[in-house]
Amino acid sequence: MSKLKSFLFSDTTGWRRLALNLVWFFAFAIPIGIVLLFVGLSFTDLPSVTELENPKNNEASPVLASDGSVLGRYFVENRVMVDFKDLGPHLEAALVSTEDERYYDHSGIDWQSLPRVVIKTAILGQESSGGGSTISQQLAKLLFTKQVSANLMERGFQKLKEWIIAVRLERKYTKEEIIAMYLNRYDFINGAQGIRAAAENYFDGKRPDELTVEQAAMLIGMLKNASFYNPLQYPERVTQRRNQVLVQMVRNNRISRTEYDSLSALPLGISFTRQQHDDGLAPYFRMVLAKEAKQILSQEPYLKSDGQPYDIYRDGLTFYTTIDPEMQRIAEEQARVHMQALQKEFFRHWKNLDPWTYTNPGSETEVRVERRRESLENAVRQSDRYQAYRGSILIPVIDRISERMEFRFSRNDREIQRMVEEEENPGVITEAVRTNMISEDFAAKHRQVMNLEEWSDLKAAWEKLQSTVRSEFDKETNMRVFTYDNDRMQTDTLMTPLDSIRYHKMILQIGSISVEPSTGFVRTWIGGSNFKWFKFDHVTTKRQVGSTFKPFVYAASIDLRGITPCLRVLDQPVTIGPGDGNFHLQKEWTPRNSNGGYSYQDFTLYQGLKNSVNSISAYLMKELASTEPVRNMVANMGIPKEQIPDAPSIALGSVDLTVQQLTGAYTTFGNNGVFIRPVFLTRIEDRTGRVIYEYLPEEQPAISPQANYVMVNMLSRASVGNLGGVKGPVGGKTGTTNDQTDGWYMGITPELIVGTWVGGDDRWIRFRSLALGAGSNMAKPFFRRFVSAAQDNETIAWDTQKDWIKPAGEVGIEMNCDAYNGGNDDLFEDGQLLPDDPFGNSPDF
């Protein structure tokens, strides 16, 4: 012991030797330990070289047009990648000045700021503190590392991983590429994933290179913590953060002090619009395609190897479609031109009148005013503004009642309204049960709620909500609405919320599709007037088809009975009654023409079809003695038989079909009587190029070639007028339904079949006169504009010399009316041409 004490307290040489050994130990041990630590970490879950070169993201699925160009993409996030050159100068300056001043001087790790990052991030856990983490490290965290717990050691290991990944990123990418990747990856919230979406959403559609200095500074300021610096919720806080970024830009000589003084005084200038994935051509088509693709990929033959369905938004699929991009562009342009002119006429037509209260005493099919007002009330309740008031006033009471009753009783406000009406007028709930509006069980729940103590609170909240809505929806406020008057198709104006709803309800819509008859390939798809504002697709929506159905009745008569289109029929009342044929009617059916009367003159079938004479269509149906010949024929033309009513009134168009179905059926006329099912999706591939799905053509004979040739001839004669500019063979049929609710035109050429519907989403949004509301004015002009423009476009190479297919040998059906009966198939007996579509295209029951 005495020797040890002597060594420790008196022998200074021993102390020096021990200290020296410790120095040498740490000199070697620490670097070796760090190296071993980094080597050890490199064998953990760090990304491989391949992953660094191809950072794993939710892969978008491109939709390809017929020429291989990209129509659009399906993806989870509203993220559009932007190259560095498209960022503009201000974003880079603000980013580097604020987040990583020595960015261009290091290789992923800023050693000068290392002590600060260790203290703030690794020890204190301030993930958004900035300053220490380089841009490359922040990108590494976004791409490859995960958030960890509050454990100090775990945070330290994560930071070490970020350093390693950052260095690797710096080796694989240029400084500019890393900046672009970082800004593209960052989520700026409020539906703005990536810098392009952020610029568009927060600054009224701007692109990144269009941002001003202060706008770029605001977005860069959000990188610290987008939720904390949310410009929609905390504008004052965001303004302060923006100005901090501007200070950093002054400090780094990116802007002058004078510029700072002026820029820091500016308001944020937020003009927020939540961007949707509707950029590019054919947005309605892509919406429908997504539904079709999901349905296909949910079936067993097309599932993934693990038995799960593919995700079109994440799995990097490729969709090959038949859409012709140049035709689609022309169709969209011409649809806008036509609808803009029609809308202008429509607003002029309804000036000082109200479609929700207007009544026509002569109409038997007009929608009741009460129903119209109820529809408007429902539209108010579906609005974002109403839902905001509902959330703050009504939902808290509903939640309290739901917790007590252990069920959420109110799916919509109609239920609460019904209970309030029941208290004021007992028997309302009983009547709702009697008319099958609600079930007995649901009615019992209504009564349970009305017996609660909270019922008075709910009723008071309901009355407050209705009072608030009546007041607030009648106050003028600044808002953005749809318009045709500029390229962005929107404008800012002063309007009451109620008037805004009515205004948008009065915008006429269009649904149009074109199909190549020889292949069934869908070439264009117009689903509405503007996808951003009206996301309801009208190509796949059923509407009454009017006189566009009449050619099927004529075709069945000519094909099955062999009659000539020169046959003359007297325009007089035609009655089909009980016991007649196989119609199985319970009472007589005697349709009228649209003018309510009859001319009592003879018309050839040519004239009858051209002028939509209802009595002649009824005559042909009666001669067929059953609806079956017509229903069977259209079933062979792709329309399910069960969708065609077993009633003679189908001869006048009392059938609800989609534009897609009706156009598909008409392609039979353009393909020698053979129906080919329309197709718009030909193939789906996975991310490796493996074919998952490929379509198989479906075709079947529907009309004999001879009868089909006669029908093409009749449709060509029926289309005479208002088709100036269209070259080559052309035919078609207009259609107009009761009260001018729907306007149709089915146009046919050897190259393309074009079906078009125009109307309002609500049946009372219509023209009040046949001259304006007929298909010849509503839909036919679009066909003329689109086809003539497409024919004039050299890149489309439309063959205007191509003619209808004529069957070999004799047709066997007389088409020369002079030879048949010496008559003139286009004239009245007095020599006057019938105007286009004067006789109703309206089904009359």
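Predicted model: local features only at pLDDT ≥ 70, side-chain atom pairs only at ≥ 80, totals over all residues.
A pocket here is an open set of grid points with protein on both sides within 12 Å along at least five of seven lines.

Start with the second largest pocket. Its volume is about 950 Å³. Lining it are 37 residues, and those closest to its centre are Asp278, Gly280, Asp487, Met489 and Asn530. Helix 14 provides the largest share, with 7 residues. By class, the lining of the second largest pocket holds 14 charged, 12 nonpolar and 11 polar residues.

Now turn to the largest pocket. It holds about 1,300 Å³ of space. Its lining consists of 28 residues. Nearest the centre lie Ser383, Asp384, Ser500, His504 and Trp533. Helix 15 (369–382), helix 16 (384–393), strand 4 (477–482) and helix 22 (497–505) each contribute two or more residues to the lining. The classes here are 10 nonpolar, 9 polar and 9 charged.

Lysine 464 sits in helix 21, which spans residues 455–472. Is lysine 464 buried or exposed? Its relative accessibility is 51%, so lysine 464 counts as exposed, the cut-off being over 50%. Tyrosine 389 is 75 residues away from lysine 464 along the chain.

Key: Residues numbered from 1 in each chain as written. Heavy atoms only, no water. 1 Å grid on protein atoms, 1.4 Å probe; cavity = no way out; pocket = protein on both sides within 12 Å on 5 of 7 lines; lining within 4 Å. Points joined across faces, edges and corners; volume = space filled by probe spheres on them. Helix = DSSP H or I, 4+ residues; strand = E, 2+ residues; numbered from the N terminus. Nonpolar A, V, L, I, M, F, W, Y, C, P; charged D, E, K, R; others polar. Buried < 20%, exposed > 50% of the residue type's maximum accessible area, 1.4 Å probe, protein only.
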